[in-house]
Amino acid sequence: MTAATHRNTLLTPPDLAPDMELVMRVPPMPRDSNGNGDIFGGWIMSQVDLAGSVLPGRIAKGRIATVAVKEFVFRSAVSVGDLLSFYCRVDHIGNTSITVHVEVWAERRPSDPHLVKVTEAKVTYVATDSEGRPRPVPKD
């Protein structure tokens, strides 16, 4: 097989909303799991925060800070061996803040791959200046 044969071998959720953008993919590692082999919820939350910051960082054209998590739903356990894909869309742009919806999908069983939505969240970021104070989000 050539490299061209392997293109597009990563799955995309069939019912993913068209306005969702893939911003990150990461495989959880054994160090991210508890004694039962399930990935720590806190590790997933930190990855959601990283992925969720991608679009607001572009829109704000500078520093941003997480200010609120309005909703965080764990739908299914995540295991070592899953490949997590983080999809985001901007739900709201305010004067200084940007709210993002994040969906996390796990690609499971490489021998017979299937996708499972494992987490979704709404996270709000605020644009900040060099001293950490809120600043206006650019309008362009």
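Ground rules. The model is predicted, so local features need pLDDT of at least 70 and side-chain atom pairs count only at pLDDT 80 or more, while totals for chains, interfaces and linings use all residues. Numbering starts from 1 along each chain as its sequence is written, and side-chain values use heavy atoms, with hydrogens and water left out.

Fold. We have 2 helices and 5 strands. These are DSSP runs: H or I of at least four residues for helices, E of at least two for strands, numbered from the N terminus. The order is β-α-α-β-β-β-β. The C-alpha trace spans about 50 × 40 × 25 Å along its principal axes.

Contacts next, meaning heavy atoms within 4.5 Å. Take those with a separation of 6 or more: residues 24 or more positions apart account for 69%.

Now the inside. Of the 140 residues, 39% are buried, that is, under 20% relative accessible area with a 1.4 Å probe, protein chains only. The largest nonpolar core has 26 residues. Such a core is a set of buried Ala, Val, Leu, Ile, Met, Phe, Trp, Tyr and Cys residues joined through side-chain atoms within 4.5 Å. Among those touching the most other members are Val 23, Leu 84 and Phe 86. Which element gives the largest share of this core? Strand 5, with 6 residues.

Last, Val 23. Not counting residues up to four places away in sequence, Val 23 touches Ala 51, Val 54, Leu 55, Phe 86 and Cys 88.

Notes: Buried < 20%, exposed > 50% of the residue type's maximum accessible area, 1.4 Å probe, protein only.
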